[in-house]
2 protein chains.
Amino acid sequence: MDGLFRSQNPAGLVPAAARALFRAGTRPGTTSGWCHGHVQANMLAVPRDLAFDALLFAWRNPRACPLIDVTDPGDPCPRTAAPHADLRTDLPAYVVYRDGEPVATLEDAVPAWREDMVGLLTGCSFTAEDALLAAGIPLRHLEQDRNVPMYVTNRRCAPTRRLSGPLVVSMRFVPRDLVGAAAEVTGALPLAHGGPVHAGDPAALGIADLDKPDFGDAVRPRDGDVPVFWACGVTLQAVIMSSRPEYAVTHAPGRMFITDLAS
Amino acid sequence: MDGLFRSQNPAGLVPAAARALFRAGTRPGTTSGWCHGHVQANMLAVPRDLAFDALLFAWRNPRACPLIDVTDPGDPCPRTAAPHADLRTDLPAYVVYRDGEPVATLEDAVPAWREDMVGLLTGCSFTAEDALLAAGIPLRHLEQDRNVPMYVTNRRCAPTRRLSGPLVVSMRFVPRDLVGAAAEVTGALPLAHGGPVHAGDPAALGIADLDKPDFGDAVRPRDGDVPVFWACGVTLQAVIMSSRPEYAVTHAPGRMFITDLAS
(Lines give C-alpha, C1' and ligand atoms only; values in the text may rest on other atoms or scores of the structure.)
Protein backbone atom coordinates (compact mmCIF):
# COMPACT_ATOMS: atom_id res chain seq x y z
CA MET A 1 0.00 0.00 0.00
CA ASP A 2 1.30 3.40 -0.89
CA GLY A 3 1.67 6.57 1.11
CA LEU A 4 -1.56 8.11 0.01
CA PHE A 5 -3.45 5.13 1.36
CA ARG A 6 -1.58 5.02 4.69
CA SER A 7 -2.12 8.70 5.22
CA GLN A 8 -5.88 8.44 4.97
CA ASN A 9 -8.70 6.69 6.72
CA PRO A 10 -10.36 4.38 4.15
CA ALA A 11 -13.77 4.83 5.79
CA GLY A 12 -13.65 8.56 5.09
CA LEU A 13 -12.56 8.41 1.47
CA VAL A 14 -14.98 9.37 -1.25
CA PRO A 15 -15.49 6.53 -3.73
CA ALA A 16 -13.67 8.30 -6.57
CA ALA A 17 -10.59 8.64 -4.34
CA ALA A 18 -10.70 4.98 -3.30
CA ARG A 19 -11.05 3.87 -6.90
CA ALA A 20 -8.13 6.10 -7.90
CA LEU A 21 -6.00 4.40 -5.24
CA PHE A 22 -6.92 0.94 -6.53
CA ARG A 23 -6.23 2.04 -10.10
CA ALA A 24 -2.81 3.34 -9.05
CA GLY A 25 -1.85 0.08 -7.38
CA THR A 26 -3.20 0.09 -3.84
CA ARG A 27 -4.65 -3.40 -3.33
CA PRO A 28 -6.36 -3.86 0.03
CA GLY A 29 -7.40 -7.38 1.05
CA THR A 30 -10.97 -6.22 1.48
CA THR A 31 -13.05 -3.13 0.78
CA SER A 32 -15.11 -3.76 3.92
CA GLY A 33 -15.16 -0.52 5.89
CA TRP A 34 -14.08 1.64 2.95
CA CYS A 35 -16.01 4.76 1.89
CA HIS A 36 -18.57 4.75 4.65
CA GLY A 37 -22.07 5.64 3.46
CA HIS A 38 -21.62 4.36 -0.09
CA VAL A 39 -23.02 1.28 -1.79
CA GLN A 40 -20.53 -1.47 -2.60
CA ALA A 41 -21.22 -4.01 -5.33
CA ASN A 42 -20.34 -7.44 -6.64
CA MET A 43 -19.09 -7.36 -10.23
CA LEU A 44 -19.68 -9.99 -12.91
CA ALA A 45 -18.54 -9.39 -16.47
CA VAL A 46 -19.43 -11.75 -19.31
CA PRO A 47 -19.27 -11.67 -23.11
CA ARG A 48 -22.40 -10.27 -24.76
CA ASP A 49 -23.49 -13.73 -25.82
CA LEU A 50 -23.97 -14.70 -22.16
CA ALA A 51 -25.23 -11.29 -21.03
CA PHE A 52 -28.93 -12.04 -21.60
CA ASP A 53 -28.68 -15.08 -19.32
CA ALA A 54 -26.69 -13.14 -16.71
CA LEU A 55 -29.16 -10.26 -16.67
CA LEU A 56 -32.17 -12.59 -16.63
CA PHE A 57 -30.59 -14.68 -13.86
CA ALA A 58 -30.13 -11.57 -11.72
CA TRP A 59 -33.69 -10.43 -12.45
CA ARG A 60 -35.09 -13.83 -11.49
CA ASN A 61 -33.04 -13.95 -8.28
CA PRO A 62 -33.32 -10.44 -6.84
CA ARG A 63 -32.60 -11.52 -3.28
CA ALA A 64 -29.17 -12.93 -4.12
CA CYS A 65 -28.41 -10.64 -7.07
CA PRO A 66 -30.10 -7.25 -6.65
CA LEU A 67 -29.18 -5.33 -9.81
CA ILE A 68 -27.49 -1.97 -9.29
CA ASP A 69 -26.13 -1.29 -12.77
CA VAL A 70 -25.51 -2.96 -16.12
CA THR A 71 -23.09 -1.69 -18.74
CA ASP A 72 -23.52 -1.64 -22.48
CA PRO A 73 -21.44 -4.23 -24.36
CA GLY A 74 -17.82 -3.11 -24.51
CA ASP A 75 -18.39 -0.10 -22.29
CA PRO A 76 -16.46 -0.52 -19.01
CA CYS A 77 -18.22 2.43 -17.34
CA PRO A 78 -21.17 1.82 -14.99
CA ARG A 79 -22.95 5.03 -15.98
CA THR A 80 -25.61 4.95 -13.28
CA ALA A 81 -23.60 3.74 -10.30
CA ALA A 82 -20.35 5.64 -10.96
CA PRO A 83 -20.34 7.63 -14.21
CA HIS A 84 -16.59 8.36 -14.13
CA ALA A 85 -15.38 4.88 -13.17
CA ASP A 86 -13.85 2.05 -15.20
CA LEU A 87 -14.76 -1.50 -14.17
CA ARG A 88 -11.55 -2.85 -15.71
CA THR A 89 -9.22 -0.95 -13.40
CA ASP A 90 -11.14 0.42 -10.42
CA LEU A 91 -11.47 -2.71 -8.27
CA PRO A 92 -8.59 -3.97 -6.13
CA ALA A 93 -8.51 -7.42 -7.77
CA TYR A 94 -10.31 -9.70 -10.23
CA VAL A 95 -10.79 -13.40 -10.90
CA VAL A 96 -10.94 -14.80 -14.44
CA TYR A 97 -13.01 -17.95 -15.00
CA ARG A 98 -12.69 -20.27 -17.98
CA ASP A 99 -15.26 -23.05 -18.28
CA GLY A 100 -16.23 -22.31 -14.69
CA GLU A 101 -12.73 -22.71 -13.29
CA PRO A 102 -10.96 -19.75 -11.70
CA VAL A 103 -7.79 -19.63 -13.78
CA ALA A 104 -6.22 -16.29 -12.84
CA THR A 105 -6.31 -13.51 -10.29
CA LEU A 106 -5.54 -10.10 -11.79
CA GLU A 107 -4.97 -6.64 -10.40
CA ASP A 108 -5.82 -5.02 -13.73
CA ALA A 109 -8.58 -6.48 -15.88
CA VAL A 110 -7.83 -4.49 -19.05
CA PRO A 111 -6.19 -7.50 -20.73
CA ALA A 112 -9.12 -9.72 -19.69
CA TRP A 113 -11.85 -7.37 -20.91
CA ARG A 114 -13.03 -8.70 -24.27
CA GLU A 115 -14.41 -6.04 -26.57
CA ASP A 116 -18.04 -7.10 -26.09
CA MET A 117 -17.95 -7.56 -22.31
CA VAL A 118 -21.04 -6.58 -20.32
CA GLY A 119 -20.56 -5.72 -16.65
CA LEU A 120 -23.23 -6.35 -14.03
CA LEU A 121 -23.09 -4.81 -10.56
CA THR A 122 -25.19 -6.42 -7.83
CA GLY A 123 -25.75 -5.50 -4.22
CA CYS A 124 -23.41 -6.52 -1.40
CA SER A 125 -23.97 -7.05 2.30
CA PHE A 126 -21.19 -4.65 3.28
CA THR A 127 -23.86 -1.95 2.92
CA ALA A 128 -26.21 -3.84 5.25
CA GLU A 129 -23.46 -4.27 7.84
CA ASP A 130 -23.15 -0.51 8.23
CA ALA A 131 -26.88 -0.38 8.94
CA LEU A 132 -26.77 -3.32 11.37
CA LEU A 133 -23.97 -1.71 13.38
CA ALA A 134 -25.79 1.62 13.37
CA ALA A 135 -28.84 -0.16 14.82
CA GLY A 136 -26.75 -1.54 17.68
CA ILE A 137 -26.53 -5.09 16.38
CA PRO A 138 -23.08 -6.59 17.08
CA LEU A 139 -21.23 -8.32 14.23
CA ARG A 140 -19.22 -11.23 15.62
CA HIS A 141 -17.01 -11.65 12.56
CA LEU A 142 -15.81 -8.06 12.89
CA GLU A 143 -15.28 -8.50 16.67
CA GLN A 144 -13.19 -11.58 15.86
CA ASP A 145 -11.46 -9.95 12.86
CA ARG A 146 -12.70 -12.60 10.46
CA ASN A 147 -14.38 -12.55 7.06
CA VAL A 148 -18.09 -13.29 7.24
CA PRO A 149 -18.75 -17.04 6.81
CA MET A 150 -20.62 -18.09 3.66
CA TYR A 151 -22.29 -21.41 2.88
CA VAL A 152 -23.59 -23.17 -0.22
CA THR A 153 -27.20 -24.15 0.55
CA ASN A 154 -29.55 -26.86 -0.70
CA ARG A 155 -31.76 -24.19 -2.26
CA ARG A 156 -31.57 -23.79 -6.02
CA CYS A 157 -31.72 -20.40 -7.64
CA ALA A 158 -34.33 -19.79 -10.35
CA PRO A 159 -32.33 -20.87 -13.41
CA THR A 160 -32.00 -19.59 -16.96
CA ARG A 161 -31.13 -21.79 -19.94
CA ARG A 162 -27.41 -21.34 -19.40
CA LEU A 163 -27.01 -20.33 -15.77
CA SER A 164 -28.08 -22.29 -12.73
CA GLY A 165 -26.71 -23.13 -9.33
CA PRO A 166 -27.23 -23.08 -5.59
CA LEU A 167 -28.12 -20.15 -3.39
CA VAL A 168 -25.12 -19.06 -1.29
CA VAL A 169 -25.83 -17.38 2.04
CA SER A 170 -23.80 -15.34 4.49
CA MET A 171 -24.30 -16.04 8.20
CA ARG A 172 -24.15 -13.64 11.11
CA PHE A 173 -24.72 -14.66 14.72
CA VAL A 174 -27.26 -12.28 16.24
CA PRO A 175 -28.37 -12.11 19.90
CA ARG A 176 -31.79 -13.76 20.10
CA ASP A 177 -33.58 -10.59 21.20
CA LEU A 178 -32.12 -8.62 18.27
CA VAL A 179 -33.05 -11.02 15.45
CA GLY A 180 -36.28 -9.14 14.75
CA ALA A 181 -34.44 -5.82 14.61
CA ALA A 182 -31.81 -7.29 12.29
CA ALA A 183 -34.55 -8.54 9.97
CA GLU A 184 -36.25 -5.16 10.00
CA VAL A 185 -33.07 -3.16 9.35
CA THR A 186 -31.97 -5.34 6.45
CA GLY A 187 -35.48 -5.79 5.06
CA ALA A 188 -35.40 -2.09 4.24
CA LEU A 189 -32.28 -2.59 2.08
CA PRO A 190 -33.36 -4.59 -0.98
CA LEU A 191 -30.19 -3.57 -2.86
CA ALA A 192 -28.15 -5.21 -0.08
CA HIS A 193 -30.03 -8.55 -0.23
CA GLY A 194 -32.99 -7.46 1.94
CA GLY A 195 -34.10 -9.40 5.00
CA PRO A 196 -32.84 -12.83 6.10
CA VAL A 197 -33.78 -15.95 4.15
CA HIS A 198 -33.63 -18.00 7.36
CA ALA A 199 -32.86 -17.77 11.08
CA GLY A 200 -32.10 -20.75 13.29
CA ASP A 201 -31.30 -24.38 12.46
CA PRO A 202 -28.70 -24.43 9.66
CA ALA A 203 -29.93 -27.90 8.62
CA ALA A 204 -33.01 -26.21 7.13
CA LEU A 205 -30.67 -24.86 4.44
CA GLY A 206 -28.73 -28.10 4.13
CA ILE A 207 -25.76 -26.67 6.05
CA ALA A 208 -24.17 -29.53 8.03
CA ASP A 209 -21.57 -27.67 10.07
CA LEU A 210 -21.37 -23.93 10.73
CA ASP A 211 -17.70 -24.39 11.62
CA LYS A 212 -16.93 -25.32 8.03
CA PRO A 213 -18.00 -22.45 5.79
CA ASP A 214 -17.57 -22.83 2.04
CA PHE A 215 -16.19 -19.28 1.80
CA GLY A 216 -14.89 -16.87 4.44
CA ASP A 217 -14.04 -17.83 8.01
CA ALA A 218 -15.73 -19.72 10.83
CA VAL A 219 -17.00 -17.40 13.57
CA ARG A 220 -17.73 -18.23 17.22
CA PRO A 221 -21.17 -17.41 18.68
CA ARG A 222 -21.74 -15.91 22.11
CA ASP A 223 -24.28 -17.33 24.52
CA GLY A 224 -27.79 -16.62 23.28
CA ASP A 225 -26.74 -15.99 19.68
CA VAL A 226 -28.87 -17.32 16.82
CA PRO A 227 -27.44 -17.94 13.34
CA VAL A 228 -29.14 -15.67 10.82
CA PHE A 229 -28.70 -16.24 7.07
CA TRP A 230 -28.88 -13.73 4.23
CA ALA A 231 -28.72 -14.32 0.46
CA CYS A 232 -25.18 -13.57 -0.67
CA GLY A 233 -23.69 -12.06 -3.80
CA VAL A 234 -21.18 -14.93 -3.97
CA THR A 235 -24.14 -16.85 -5.42
CA LEU A 236 -23.14 -15.47 -8.82
CA GLN A 237 -19.64 -16.94 -8.48
CA ALA A 238 -21.10 -20.30 -7.40
CA VAL A 239 -23.37 -20.17 -10.44
CA ILE A 240 -20.42 -19.52 -12.75
CA MET A 241 -18.56 -22.48 -11.21
CA SER A 242 -21.66 -24.67 -11.47
CA SER A 243 -22.77 -23.66 -14.98
CA ARG A 244 -19.28 -23.54 -16.51
CA PRO A 245 -19.77 -20.83 -19.15
CA GLU A 246 -16.82 -20.37 -21.47
CA TYR A 247 -15.62 -17.06 -19.99
CA ALA A 248 -16.36 -14.70 -17.12
CA VAL A 249 -14.56 -12.15 -14.94
CA THR A 250 -15.60 -11.26 -11.39
CA HIS A 251 -14.32 -9.13 -8.54
CA ALA A 252 -12.03 -11.00 -6.16
CA PRO A 253 -13.89 -12.09 -3.00
CA GLY A 254 -14.23 -9.26 -0.49
CA ARG A 255 -12.73 -6.72 -2.90
CA MET A 256 -15.82 -5.04 -4.24
CA PHE A 257 -16.60 -2.22 -6.62
CA ILE A 258 -17.34 0.93 -4.61
CA THR A 259 -20.12 2.93 -6.27
CA ASP A 260 -20.90 6.64 -5.98
CA LEU A 261 -24.40 5.78 -4.72
CA ALA A 262 -25.33 6.75 -1.17
CA SER A 263 -26.28 3.81 1.00
CA MET B 1 -67.51 -13.92 -30.54
CA ASP B 2 -68.76 -17.33 -29.63
CA GLY B 3 -71.53 -18.46 -27.31
CA LEU B 4 -69.31 -19.09 -24.36
CA PHE B 5 -68.15 -15.48 -24.44
CA ARG B 6 -71.62 -14.01 -24.87
CA SER B 7 -72.96 -16.05 -22.01
CA GLN B 8 -70.42 -14.77 -19.53
CA ASN B 9 -69.39 -11.47 -18.01
CA PRO B 10 -65.77 -10.84 -19.05
CA ALA B 11 -65.04 -9.02 -15.78
CA GLY B 12 -65.86 -12.14 -13.80
CA LEU B 13 -63.85 -14.63 -15.86
CA VAL B 14 -60.73 -16.15 -14.38
CA PRO B 15 -57.68 -15.48 -16.57
CA ALA B 16 -57.34 -19.10 -17.70
CA ALA B 17 -60.93 -19.03 -19.00
CA ALA B 18 -60.39 -15.73 -20.82
CA ARG B 19 -57.19 -17.04 -22.41
CA ALA B 20 -59.00 -20.21 -23.47
CA LEU B 21 -61.64 -18.07 -25.20
CA PHE B 22 -58.99 -16.09 -27.06
CA ARG B 23 -57.20 -19.29 -28.04
CA ALA B 24 -60.47 -20.72 -29.36
CA GLY B 25 -61.17 -17.69 -31.53
CA THR B 26 -62.91 -15.07 -29.41
CA ARG B 27 -61.23 -11.78 -30.34
CA PRO B 28 -62.48 -8.81 -28.31
CA GLY B 29 -61.40 -5.33 -29.39
CA THR B 30 -59.93 -4.68 -25.95
CA THR B 31 -59.19 -6.64 -22.79
CA SER B 32 -60.00 -3.56 -20.69
CA GLY B 33 -62.45 -4.66 -18.03
CA TRP B 34 -61.72 -8.37 -18.43
CA CYS B 35 -60.84 -10.61 -15.45
CA HIS B 36 -61.26 -8.03 -12.71
CA GLY B 37 -58.59 -8.24 -10.04
CA HIS B 38 -55.87 -9.65 -12.30
CA VAL B 39 -52.77 -8.02 -13.72
CA GLN B 40 -52.77 -7.38 -17.47
CA ALA B 41 -49.54 -7.01 -19.41
CA ASN B 42 -47.98 -5.64 -22.55
CA MET B 43 -46.18 -8.32 -24.58
CA LEU B 44 -43.00 -7.90 -26.63
CA ALA B 45 -41.33 -10.91 -28.21
CA VAL B 46 -37.94 -10.65 -29.93
CA PRO B 47 -35.33 -13.09 -31.22
CA ARG B 48 -32.72 -14.07 -28.63
CA ASP B 49 -30.12 -11.86 -30.30
CA LEU B 50 -32.14 -8.77 -29.38
CA ALA B 51 -33.35 -10.09 -26.02
CA PHE B 52 -30.44 -8.66 -24.00
CA ASP B 53 -31.22 -5.18 -25.30
CA ALA B 54 -34.95 -5.63 -24.72
CA LEU B 55 -34.45 -6.84 -21.15
CA LEU B 56 -31.88 -4.15 -20.42
CA PHE B 57 -34.14 -1.47 -21.92
CA ALA B 58 -37.00 -2.54 -19.67
CA TRP B 59 -34.69 -2.62 -16.63
CA ARG B 60 -33.39 0.88 -17.41
CA ASN B 61 -36.92 2.25 -17.93
CA PRO B 62 -38.96 0.71 -15.12
CA ARG B 63 -41.60 3.44 -15.13
CA ALA B 64 -42.59 2.78 -18.74
CA CYS B 65 -41.71 -0.92 -18.84
CA PRO B 66 -42.12 -2.52 -15.39
CA LEU B 67 -41.06 -6.15 -15.92
CA ILE B 68 -43.58 -8.79 -14.91
CA ASP B 69 -42.11 -11.88 -16.58
CA VAL B 70 -39.51 -12.95 -19.13
CA THR B 71 -39.51 -16.28 -20.94
CA ASP B 72 -36.56 -18.47 -21.80
CA PRO B 73 -35.61 -18.46 -25.50
CA GLY B 74 -38.07 -20.57 -27.47
CA ASP B 75 -40.34 -21.16 -24.48
CA PRO B 76 -43.73 -19.50 -25.09
CA CYS B 77 -44.84 -19.99 -21.47
CA PRO B 78 -44.56 -17.12 -18.96
CA ARG B 79 -43.83 -19.42 -16.03
CA THR B 80 -44.14 -16.82 -13.30
CA ALA B 81 -47.11 -14.80 -14.53
CA ALA B 82 -49.22 -17.65 -15.93
CA PRO B 83 -47.56 -21.07 -15.77
CA HIS B 84 -50.13 -22.82 -17.99
CA ALA B 85 -50.39 -20.14 -20.69
CA ASP B 86 -48.92 -19.87 -24.18
CA LEU B 87 -47.91 -16.39 -25.37
CA ARG B 88 -48.30 -17.47 -29.01
CA THR B 89 -52.02 -18.18 -28.77
CA ASP B 90 -53.46 -16.69 -25.59
CA LEU B 91 -53.77 -13.02 -26.59
CA PRO B 92 -56.64 -11.75 -28.75
CA ALA B 93 -54.34 -10.34 -31.44
CA TYR B 94 -50.71 -9.61 -32.34
CA VAL B 95 -48.70 -7.21 -34.47
CA VAL B 96 -45.59 -8.34 -36.38
CA TYR B 97 -42.86 -5.73 -36.98
CA ARG B 98 -40.13 -6.01 -39.60
CA ASP B 99 -37.43 -3.33 -39.55
CA GLY B 100 -39.67 -1.34 -37.24
CA GLU B 101 -42.68 -1.37 -39.56
CA PRO B 102 -45.91 -3.10 -38.52
CA VAL B 103 -46.37 -5.54 -41.39
CA ALA B 104 -49.11 -7.87 -40.16
CA THR B 105 -51.83 -8.25 -37.57
CA LEU B 106 -52.34 -11.87 -36.53
CA GLU B 107 -54.86 -13.67 -34.37
CA ASP B 108 -52.50 -16.60 -33.84
CA ALA B 109 -48.77 -15.96 -33.41
CA VAL B 110 -47.60 -19.58 -33.76
CA PRO B 111 -46.38 -19.01 -37.34
CA ALA B 112 -44.59 -15.80 -36.25
CA TRP B 113 -42.85 -17.32 -33.22
CA ARG B 114 -39.27 -18.03 -34.25
CA GLU B 115 -37.67 -20.89 -32.36
CA ASP B 116 -35.47 -18.61 -30.25
CA MET B 117 -38.09 -15.99 -29.38
CA VAL B 118 -37.98 -14.42 -25.92
CA GLY B 119 -41.21 -12.96 -24.56
CA LEU B 120 -41.27 -10.01 -22.17
CA LEU B 121 -44.35 -9.02 -20.23
CA THR B 122 -44.52 -5.49 -18.82
CA GLY B 123 -47.11 -3.76 -16.69
CA CYS B 124 -50.20 -2.08 -18.09
CA SER B 125 -52.34 0.77 -16.83
CA PHE B 126 -55.55 -1.28 -17.03
CA THR B 127 -54.58 -2.53 -13.57
CA ALA B 128 -54.19 1.04 -12.30
CA GLU B 129 -57.58 2.03 -13.71
CA ASP B 130 -59.30 -0.53 -11.48
CA ALA B 131 -57.58 1.06 -8.49
CA LEU B 132 -58.43 4.62 -9.59
CA LEU B 133 -62.11 3.77 -9.98
CA ALA B 134 -62.11 1.98 -6.62
CA ALA B 135 -60.72 5.16 -5.05
CA GLY B 136 -63.57 7.21 -6.47
CA ILE B 137 -61.58 8.89 -9.23
CA PRO B 138 -63.66 9.23 -12.41
CA LEU B 139 -62.18 8.12 -15.72
CA ARG B 140 -63.43 10.35 -18.50
CA HIS B 141 -62.42 8.06 -21.35
CA LEU B 142 -64.60 5.30 -19.89
CA GLU B 143 -67.48 7.74 -19.34
CA GLN B 144 -67.11 8.75 -23.00
CA ASP B 145 -66.57 5.16 -24.20
CA ARG B 146 -63.22 6.01 -25.71
CA ASN B 147 -59.76 4.44 -25.59
CA VAL B 148 -57.40 6.31 -23.30
CA PRO B 149 -55.43 8.95 -25.27
CA MET B 150 -51.67 8.40 -25.57
CA TYR B 151 -48.98 10.86 -26.66
CA VAL B 152 -45.37 10.63 -27.81
CA THR B 153 -43.41 13.00 -25.55
CA ASN B 154 -40.18 14.96 -25.92
CA ARG B 155 -38.59 12.84 -23.19
CA ARG B 156 -36.12 10.19 -24.31
CA CYS B 157 -36.02 6.81 -22.62
CA ALA B 158 -32.69 5.57 -21.24
CA PRO B 159 -31.33 3.81 -24.34
CA THR B 160 -29.39 0.60 -24.92
CA ARG B 161 -27.04 0.06 -27.87
CA ARG B 162 -29.83 -1.18 -30.11
CA LEU B 163 -33.03 0.19 -28.60
CA SER B 164 -33.93 3.82 -28.05
CA GLY B 165 -36.91 6.05 -28.44
CA PRO B 166 -39.33 8.47 -26.85
CA LEU B 167 -41.36 8.03 -23.71
CA VAL B 168 -45.03 7.54 -24.52
CA VAL B 169 -47.57 8.62 -21.90
CA SER B 170 -51.26 8.00 -21.33
CA MET B 171 -53.38 10.94 -20.19
CA ARG B 172 -56.38 10.98 -17.90
CA PHE B 173 -58.30 14.11 -16.96
CA VAL B 174 -58.65 14.19 -13.16
CA PRO B 175 -60.66 16.70 -11.09
CA ARG B 176 -58.18 19.13 -9.56
CA ASP B 177 -58.94 18.15 -5.96
CA LEU B 178 -58.38 14.45 -6.76
CA VAL B 179 -54.98 14.75 -8.47
CA GLY B 180 -53.14 14.03 -5.22
CA ALA B 181 -55.28 10.97 -4.55
CA ALA B 182 -54.70 9.71 -8.10
CA ALA B 183 -50.95 10.09 -7.62
CA GLU B 184 -51.07 8.25 -4.31
CA VAL B 185 -53.20 5.36 -5.59
CA THR B 186 -51.05 4.79 -8.66
CA GLY B 187 -47.77 5.43 -6.85
CA ALA B 188 -48.45 2.23 -4.91
CA LEU B 189 -48.64 0.22 -8.16
CA PRO B 190 -45.11 0.14 -9.61
CA LEU B 191 -46.02 -2.80 -11.87
CA ALA B 192 -48.72 -0.61 -13.44
CA HIS B 193 -46.36 2.33 -14.20
CA GLY B 194 -46.48 3.87 -10.71
CA GLY B 195 -47.37 7.51 -10.10
CA PRO B 196 -47.77 10.21 -12.77
CA VAL B 197 -44.74 11.55 -14.62
CA HIS B 198 -46.45 14.94 -14.94
CA ALA B 199 -49.68 16.81 -14.17
CA GLY B 200 -50.74 20.05 -15.81
CA ASP B 201 -49.41 21.85 -18.89
CA PRO B 202 -48.96 19.33 -21.73
CA ALA B 203 -46.29 21.55 -23.28
CA ALA B 204 -43.92 20.46 -20.51
CA LEU B 205 -43.85 17.06 -22.23
CA GLY B 206 -43.73 18.53 -25.71
CA ILE B 207 -47.39 17.72 -26.37
CA ALA B 208 -48.82 20.43 -28.62
CA ASP B 209 -52.50 19.50 -28.70
CA LEU B 210 -54.35 17.16 -26.33
CA ASP B 211 -57.07 16.80 -28.97
CA LYS B 212 -54.63 15.01 -31.28
CA PRO B 213 -53.35 11.94 -29.44
CA ASP B 214 -50.77 9.76 -31.20
CA PHE B 215 -52.62 6.61 -30.11
CA GLY B 216 -56.12 6.09 -28.72
CA ASP B 217 -58.88 8.67 -28.76
CA ALA B 218 -59.26 12.32 -27.78
CA VAL B 219 -61.23 12.78 -24.58
CA ARG B 220 -63.14 15.84 -23.35
CA PRO B 221 -62.37 17.30 -19.90
CA ARG B 222 -65.00 18.52 -17.48
CA ASP B 223 -64.74 21.87 -15.73
CA GLY B 224 -61.94 21.80 -13.18
CA ASP B 225 -60.19 18.78 -14.70
CA VAL B 226 -56.39 18.68 -14.91
CA PRO B 227 -54.54 16.52 -17.46
CA VAL B 228 -52.45 13.91 -15.64
CA PHE B 229 -49.83 11.86 -17.51
CA TRP B 230 -48.52 8.38 -16.76
CA ALA B 231 -45.72 6.44 -18.45
CA CYS B 232 -47.30 4.02 -20.91
CA GLY B 233 -46.44 0.51 -22.06
CA VAL B 234 -46.90 1.62 -25.69
CA THR B 235 -43.41 3.10 -25.19
CA LEU B 236 -42.03 -0.31 -26.19
CA GLN B 237 -43.90 -0.23 -29.49
CA ALA B 238 -42.68 3.32 -30.15
CA VAL B 239 -39.14 2.13 -29.41
CA ILE B 240 -39.48 -0.75 -31.89
CA MET B 241 -40.73 1.69 -34.53
CA SER B 242 -37.94 4.14 -33.73
CA SER B 243 -35.06 1.63 -33.45
CA ARG B 244 -36.12 -0.56 -36.37
CA PRO B 245 -34.82 -3.96 -35.21
CA GLU B 246 -35.10 -6.70 -37.82
CA TYR B 247 -37.99 -8.56 -36.15
CA ALA B 248 -40.40 -8.24 -33.25
CA VAL B 249 -43.91 -9.32 -32.29
CA THR B 250 -46.15 -7.42 -29.86
CA HIS B 251 -49.69 -7.64 -28.57
CA ALA B 252 -52.17 -5.60 -30.60
CA PRO B 253 -52.95 -2.26 -28.91
CA GLY B 254 -55.48 -2.63 -26.10
CA ARG B 255 -55.54 -6.41 -26.41
CA MET B 256 -53.26 -7.41 -23.58
CA PHE B 257 -52.00 -10.63 -22.06
CA ILE B 258 -54.06 -11.40 -18.94
CA THR B 259 -51.85 -12.93 -16.25
CA ASP B 260 -52.83 -15.13 -13.31
CA LEU B 261 -51.33 -12.57 -10.91
CA ALA B 262 -53.66 -10.79 -8.51
CA SER B 263 -53.65 -7.02 -8.91
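This is a predicted model: local features need pLDDT of at least 70, side-chain atom pairs count only at pLDDT 80 or more; totals for chains, interfaces and linings use all residues.
Figure 1. In chain A, the charged end of A:R114 is placed over the ring of A:Y247, at 3.8 Å from the ring centre. In chain B, B:R114 lies over the face of B:Y247, and the distance to the ring centre is 3.8 Å.

**Figure 2. The aromatic pair A:F22 and A:W34.** Over all chains, the count of aromatic pairs comes to two. In the pair of A:F22 and A:W34, the ring centres are 5.0 Å apart and the planes meet at 55°, so the pair is classed as tilted; an angle under 30 degrees would count as stacked and one over 60 as edge-to-face. A:F22 belongs to helix α2 (residues 15-24) of chain A, while A:W34 lies in the loop between α2 and β1 (38-47) of chain A, so the pair ties together parts that are twelve residues apart in sequence. A:F22 and A:W34 are both buried.

**Figure 3. The aromatic pair B:F22 and B:W34.** With ring centres 5.0 Å apart and planes at 55°, the pair formed by B:F22 and B:W34 is tilted. B:F22 is part of helix α2 (residues 15-24) of chain B, and B:W34 is located in the loop between α2 and β1 (38-47) of chain B; the pair therefore ties together parts that are twelve residues apart in sequence. B:F22 is buried, as is B:W34.

**Figure 4. Helix α7 of chain B and its surroundings.** Helix α7 (residues 235-243) of chain B is mostly covered, with seven of its nine residues buried. The buried residues of α7(B) are B:T235, B:L236, B:Q237, B:A238, B:V239, B:I240 and B:S243. Elements of chain B against which these buried residues pack include the helix α3 (48-60) and the strands β1, β3 (94-98) and β5 (117-123). The packing also involves β7 (166-175) and β10 (247-251) of chain B. Just after α7(B), B:R244 adopts a positive phi of about 55°.

**Figure 5. Strand β1 of chain A and its pairing partners.** β1(A) is mostly covered, nine of its ten residues being buried. Seven bridges connect β1(A) with strand β5 (residues 117-123) of chain A, and the two strands run antiparallel. A:P47 has A:M117 as its bridge partner in β5(A). Strand β11 (residues 257-262) of chain A pairs with β1(A) over three bridges, in the antiparallel sense. There, A:H38 stands opposite A:A262 of β11(A). The pairing of β1(A) with strand β10 (residues 247-251) of chain A is antiparallel and comprises two bridges. In β10(A), A:T250 is the bridge partner of A:L44.

Notes. Residues are numbered from 1 along each chain as its sequence is written. Chains are lettered from A and ligands numbered from 1 in the order in which they are written. Side-chain values use heavy atoms; hydrogens and water are left out. Rings of Phe, Tyr and Trp (its six-membered ring) pair if their centres lie within 6.5 Å; planes under 30 degrees apart count as stacked, over 60 as edge-to-face and the rest as tilted. Helices (H or I, at least four residues) and strands (E, at least two) are DSSP runs, numbered from the N terminus. Buried means under 20% relative accessible area, exposed over 50%, partly exposed in between (1.4 Å probe, protein chains only). A charge sits over a ring if NZ of Lys or CZ of Arg is within 6 Å of the ring centre and within 35 degrees of the ring normal. Contact means heavy atoms within 4.5 Å. Two strands pair if DSSP finds at least two bridges between them.
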